[in-house]
Each structure stands twice: as C-alpha cells, then as structure tokens.
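Good morning, and thank you for joining this group meeting. Please look at the sequence and the structure first.

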Amino acid sequence: MTDVDARVRGGPDARIAMWSGPRTVSTALMRAWENRPDTVVCDEPLYAFYLDRTGIGHPGRDAVIASQPTDWRVVLARLTSGPLPPGVTISYAKHMTHHLLPEVDRAALAPLRHAHLIRDPRELLASYARVRTEPDLDDLGLRQQAEIYERFGGPVVDSRDLLTDPEGILRTLCLALEVPFDGRMLSWPAGPRDSDGVWAPYWYGCVQASTGFAAYRPPAEPLPARLEPLAGRCMPYFGRLHDHRITSQSRREARGAAGLR
C-alpha cells in the first residue's frame, strides 16, 4: 500500500454502486472487486425487478425473477443498510443502468458511493448487435446513467482506459471512492462464482475463462449502418460522462496535491 492509499479511509464500510450499460467489461470489473478479501459483490440486484415490471423476455427470465426480490425497496434497503459479512468493509454492486426504471425513488440511492463505467457507443453497439439485433436507447442505459451522474456524481471510468491501464485506472478509482487500492484487483482465478447471477450461462462465458483484464482491442466488426442513428442519439449522454472520466494522470495530480511523489 502506498502512502497516499494508506491515508484514504472510507469510514466503517463503503457501499459502492457501479453503474454501466451492457458490453462494458462490467463483469470483469466486478471480478476485480470480488478478488479483494475486504469486499462482497452483488450482481445486477435490480434485474428481477426490471424483468418483472417490463415483461421483457430475456434469456432465463423466470429463473432471474425467482432468484432476486422484485421489489426495488427491498433491494435498495439491503444495499444501503444490510449487514456485511465479518471482515468485509466494502459492498460493491454491479448495476445495469437500464434496470433503474422511473418508479425507483432516486433519493433511496443517496447513501451509496456512485461510480460509472462507460464505453464509446459505436463500439458498444457493434458488440451488442451480436446478441440483440435491434436495441433502442433505453436498452443501453446511457440516458439513465447521465441522470444518475448529474444527481450523485462519482468517478467515471472509460472501459478503453481501464483495459489500456488497469492498475493506473483502478488506483485512481479507489482513490476517488475513498478506499485503499488492493493489487489483487488486477487478476483473479478463472471460473464461475457463487455470486454470479443465474443469467451467467447466457452471458459470462468469456469472463469466466478470464484471469485478468484483457488488452484493449477495437471491435472486430464495424457498426451496422442501421445502428448509426442510435449511436448518434447516444453521443450527447456519453460525451457528458466522458468529459468527467478519471485517468491515471488524475491520480498523479492527486498525489501531487497531497505533497507525495
């Protein structure tokens, strides 16, 4: 632990809500946090609520609904004030922003430390189009994510930056969230986790085979022309968040302001 990390304290416990859309390496980032011995993770806790309210037919829909509470009040009460296991001081929830339907009282999110994971919409859509041929703006969650950011703020991580410099970005993220960095976030054992949602067989094949963050690579396929208008609609929301993204440089600046090298 560095001098600056040793000075960071998050209180008795830190309850983190990481908001992202699909295809943003969000599950790999959840693996990084789960590999810390002081952290417990929660995989998409509002998913069953979302499916129950919208009636959308996702793979494994019935199993998802049976696996989680469908009342957002119960979910958020557990995340904001539920007991943590012995020795655990950090609760990390991986949220999909499109699960945050309008009926959820945003004030109930106030006790959480919010953070945001984003990806260039053209890259995101080029990837997402392989599993959902006709996504719409609400499927991607960028509008909701911008709303959460405007209300609660929090560090913004660009997935390209994370894959390009995992240690630098994770150190900056931990600093912003007021928790110490742990080098065990950089790699993890391959395989499934008990914490994975019941939807993991449909979506988590690559991450379950991983042992760390893969190097950044642009999408192998170009964005289908039919999705260009949707990418254009996403850009104002993405740009608003991207303007505030953290970088390795921002950590160096924080160290400099603290008089550390």
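**Cavity and pockets**

In this predicted model, there is 1 cavity of 30 Å³ or more. The space in this largest cavity is about 30 Å³. Who are its neighbours? Gly21, Thr24, Leu117, Ile118, Arg119, Leu124, Leu140, Leu142 and Gln145 form the lining of the largest cavity. Two elements, β4 (113-118) and α8 (142-152), each give two or more residues to that lining. Sorted by class, the lining of the cavity has 5 nonpolar, 3 polar and 1 charged residues.

Let us turn to the pockets. How much space lies in the largest pocket? The value is about 1,300 Å³. Its lining comprises 42 residues, and those nearest the centre are Arg23, Thr24, Val25, Arg119 and Ser127. Please note that Thr24 and Arg119 also belong to the lining of the largest cavity. At least two lining residues of the largest pocket come from each of α2 (26-34), β3 (90-96), α6 (121-128), α9 (159-164) and α12 (205-209). The classes here are 21 nonpolar, 12 polar and 9 charged residues.

The second largest pocket holds about 320 Å³ of space. Which residues lie nearest its centre? They are Val41, Cys42, Pro45, Arg78 and Leu79, out of 16 residues in the lining. Both β2 (39-43) and α5 (72-81) supply at least two residues of the lining of this second pocket. By class, that lining has 10 nonpolar, 4 polar and 2 charged residues.

Thank you for your attention.

How values were computed. Residues numbered from 1 in each chain as written. Predicted model: local features only at pLDDT ≥ 70, side-chain atom pairs only at ≥ 80, totals over all residues. Heavy atoms only, no water. 1 Å grid on protein atoms, 1.4 Å probe; cavity = no way out; pocket = protein on both sides within 12 Å on 5 of 7 lines; lining within 4 Å. Points joined across faces, edges and corners; volume = space filled by probe spheres on them. Helix = DSSP H or I, 4+ residues; strand = E, 2+ residues; numbered from the N terminus. Nonpolar A, V, L, I, M, F, W, Y, C, P; charged D, E, K, R; others polar.
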